[in-house]
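Work through the exercises below with the sequence and the model open. Each task is followed by a solution in steps.

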Amino acid sequence: MTPEQKTAAARNLIENPLTLLLLHEMEQDAVDAIIGAKITDDAKRAAYAAEVRAIRNFRDTLNLLLEEAKASGTRAPA
């Protein structure tokens with residue numbers, strides 16, 4: 001996959017309202033599960049925290065690809 005193809009695919013994902021909605025709902029559900037977990041259930045809270053980090057990292061990676069494309073002037077087709 002070329003850098004231009006990666007940028008175009010990232011743009012398609014990040015600009016898709018369904019993708020944004022699903023990521024937001026998944027993140028919120030995991031945060032709610034952390035809050036709702038028993039205070040003594042460290043493993044469960046850690047697992048859900050890892051899920052939140054993974055979702056945020058995915059979203060950040062998509063945004064980073066788009067920012068790098070803008071900075072380098074290699075704009076992918078919309």
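**Exercise 1. State the order of the secondary structure elements from the N terminus on.**

Step 1. The elements of the chain run α-α-α from the N terminus on. Step 2. The count is 3 helices and 0 strands, where helices (H or I, at least four residues) and strands (E, at least two) are DSSP runs, numbered from the N terminus. Step 3. This is a predicted model, in which local features need pLDDT of at least 70 and side-chain atom pairs count only at pLDDT 80 or more, while totals for chains, interfaces and linings use all residues. Residues are numbered from 1 along each chain as its sequence is written, and side-chain values use heavy atoms, with hydrogens and water left out.

**Exercise 2. Find which element has the lowest mean pLDDT and which the highest.**

Step 1. pLDDT is the predictor's confidence in each residue, from 0 to 100. Step 2. The average over the chain is 91, and 94% of the residues score at least 70. Step 3. Among the elements, helix 1 (residues 3–14) has the lowest mean, 90. The highest mean, 97, belongs to helix 2 (residues 17–36).

**Exercise 3. Compare the radius of gyration of the chain with that of a compact globule of 78 residues.**

Step 1. The radius is taken over C-alpha atoms, and the globule rule is 2.2 Å times the number of residues to the power 0.38. Step 2. The rule puts a compact globule of 78 residues near 12 Å, but the chain has 16 Å. Step 3. Along the principal axes, the C-alpha atoms fill a box of roughly 50 × 20 × 20 Å.

**Exercise 4. Determine what share of the contacts with a separation of 6 or more joins residues 24 or more positions apart.**

Step 1. A contact means heavy atoms within 4.5 Å. Step 2. Of the contacts in the chain with a separation of 6 or more, 65% are between residues 24 or more positions apart.

**Exercise 5. Classify I14, L13 and K6 as buried, partly exposed or exposed, and list what each touches beyond four places in sequence.**

Step 1. Buried means under 20% relative accessible area, exposed over 50%, and partly exposed in between (1.4 Å probe, protein chains only). Step 2. I14, in helix 1, has 12% relative accessibility and therefore counts as buried. Beyond four places in sequence, I14 touches L20, R59, L62, N63 and L66. Step 3. L13 is also placed in helix 1; its value is 34%, so L13 counts as partly exposed. With the same exclusion of residues up to four places away, L13 touches T19, F58 and L62. Step 4. K6, another residue of helix 1, is partly exposed because its relative accessibility is 39%. K6 touches M1 and L65 under that exclusion. Step 5. Over the whole chain, buried residues make up 21% of the 78 residues.
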